[in-house]
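The structure comes first, followed by the notes.

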Amino acid sequence: MTQETILRDCPRMSLDDSFIFGCHASLDCFTKCCANVSIVLTPYDVLRLRAALQVDSSEFLDKYTLSPFTKEQKIPAVLLRMDPDTKRCPFLTEAGCTVYADRPWACRMYPLGVAEPRNASPADHAFHFLLREDLCHGHDSGKTQTVREWLVGQGIEEYEMMGASFRDLMLHDFWDKEEALPPEKMDMYYMACFDLDRFRRFVFETRFLKLFDVNEARVEAIRADDEELLEFAMQWLRFSLCGDRTMKVRPYVRRARQEQPPLGGSEGVL
Ligand code: SF4
Ligand code: SF4
C-alpha cells in the first residue's frame with residue numbers, strides 16, 4: 001500500500017480503538033506471513049538482530065539484508081533478505097521465528113500499520129490502521145484488544161523509544177530540499193544507521209575524537225554500549241548531513257575551518 005492509499009482509504013484508529021486478532025501456531029496460515037514479504041529494518045532492528053545473532057554488523061548486513069536502490073530514493077533502505085529459493089525469511093523454521101525476542105518492529109506491529117504524514121496539518125496527524133490480507137486468518141478469531149494493548153504486548157514502546165532519534169532525522173526538513181545524497185554521504189548514512197561496528201571503528205580509529213569534543217563519560221559509553229553508540233550516530237548525522245548544532249567541534253578545528261575549505265572524503269564530518 002502506498003502512503004497515499006493509506007491516507008485516503010484506511011480507517012484511522014486511535015490508541016483506544018479495538019480490533020479482533022489472534023495469531024497462533026494452530027492456524028493454517030502459521031508462518032505464511034514470513035515469506036515473500038518486504039520487511040524494512042530500522043537501525044534499532046539491525047542493532048537487536050545482530051546482537052541476538054552475535055555477529056559483526058557488517059557480517060549481519062552482508063548475510064541477512066538487501067539494500068535495493070532506485071532513482072526515487074534519497075537514502076539507502078535496508079530490507080531483510082528472503083531466501084532466494086524458498087522466498088522465506090532466513091529466521092523462519094517450521095516451529096516459527098527463531099529471533100522472536102528480537103524480531104523487527106514491522107513483525108511486531110503486524111497486523112497494525114502506522115502512518116505519519118510529513119508536514120502534517122492539525123487534522124492529519126499520525127494514526128494506526130489495520131492491515132487485512134487474505135493469507136492472514138488471525139482476523140477470524142482471537143481476542144478483542146485496543147491498539148494500545150497490542151503495542152504494549154508486542155514490546156513496541158522500547159522500539160519507539162530507541163527509534164525516536166532516527167525518526168526525528170527522517171522527518172527533518174533537510175530531506176525536503178536535498179536530492180539523493182552523494183555517494184560518500186550515502187555511505188556515512190548507511191554506516192551510522194546500520195553498520196554500527198564500522199561506525200565505532202570510525203569514531204575510535206580515525207581523527208574523529210580529535211575533531212569533536214566529546215566528554216569522557218560519553219566516549220566510554222559509546223565504546224561499550226551499542227544503544228549509546230546509535231544515539232551518538234544519529235546526533236552525528238544531524239550535524240554532518242543536516243547542519244544542526246548537535247556536535248561540538250574542538251576550537252582548533254573551528255579556527256582551521258575559518259582559514260581553509262571544509263574537510264571531505266572519508267572524514268567528511270565537517
Ligand atoms: S523475523 Fe521472525 S517474525 Fe519476522 S518475518 Fe522473519 S521469521 Fe517472521
Ligand atoms: S495469523 Fe496472520 S500474522 Fe499470524 S501466522 Fe497467520 S498470517 Fe501470520
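A cavity is a set of points, on a 1 Å grid over the protein atoms alone, where a 1.4 Å probe fits but cannot get out; a pocket is an open set with protein on both sides within 12 Å along at least five of seven lines, and lining residues have an atom within 4 Å of a point. Grid points are joined across faces, edges and corners, and a volume is the space filled by probe spheres set on the points. By that search, the whole structure holds one cavity of 30 Å³ or more.

This is a predicted model, in which local features need pLDDT of at least 70 and side-chain atom pairs count only at pLDDT 80 or more, while totals for chains, interfaces and linings use all residues. Residues are numbered from 1 along each chain as its sequence is written, chains are lettered from A and ligands numbered from 1 in the order in which they are written, and side-chain values use heavy atoms, with hydrogens and water left out.

**Cavity and pocket**

- The largest cavity has a volume of about 30 Å³.
- Its lining consists of Pro43, Val46, Leu47, Arg50, Ser57, Cys193, Phe194 and Leu196.
- Helix H2 (residues 43-53) supplies the largest share of the lining of the largest cavity, four residues; helices (H or I, at least four residues) and strands (E, at least two) are DSSP runs, numbered from the N terminus.
- By class, six residues of this cavity lining are nonpolar, one is polar and one is charged; Ala, Val, Leu, Ile, Met, Phe, Trp, Tyr, Cys and Pro count as nonpolar, Asp, Glu, Lys and Arg as charged, and the others, Gly among them, as polar.
- The second largest pocket has a volume of about 200 Å³, and its lining includes Phe239, Asp244, Arg245, Lys248, Arg254 and Arg257.
- Five charged, three nonpolar and one polar residues make up the lining of that pocket.

**Ligand surroundings**

- Ligand 1 is surrounded by Cys34, Ile39, Cys89, Leu92, Cys97, Val99, Pro104 and Cys107, where a residue is near a molecule if one of its heavy atoms lies within 4 Å of it.
- The shell around ligand 1 has eight nonpolar residues, no polar and no charged.
- Around ligand 2 are Phe21, Cys23, Leu27, Cys29, Phe30, Thr31, Cys33, Tyr110, Leu135, Cys136 and Gly138.
- Nine nonpolar and two polar residues, with no charged ones, form the shell around ligand 2.

**Helix packing**

- The axes of helix H8 (residues 183-193) and H9 come within 6 Å and cross at roughly 110°; axes are lines fitted to C-alpha atoms, for helices over the stretch in contact, and angles run from 0 to 180 degrees between N-to-C directions.
- H8 and H9 are therefore roughly perpendicular to each other, a label for angles of 65 to 115 degrees.
- Asp187, Tyr190, Met191 and Ala192 of H8 meet Leu196, Arg198, Phe199 and Phe202 of H9, contact being heavy atoms within 4.5 Å.
- The contact of H8 with H9 has six nonpolar, no polar and two charged residues.
- For helix H9 (residues 196-205) and helix H12 (residues 226-240), the axes come within 11 Å and cross at roughly 70°.
- H9 and H12 are therefore also roughly perpendicular to each other.

**Local backbone**

- Tyr110 and Pro111 are joined by a cis peptide bond, with omega about 10°.
- Pro111 sits in the loop between helix H4 (105-109) and strand E6 (112-115).
- Thr31 is a residue other than glycine with a positive phi, near 75°, and lies in the loop between strand E1 (18-21) and H2.

How values were computed:
Parallel < 35°, antiparallel > 145°, perpendicular 65-115°, else oblique.
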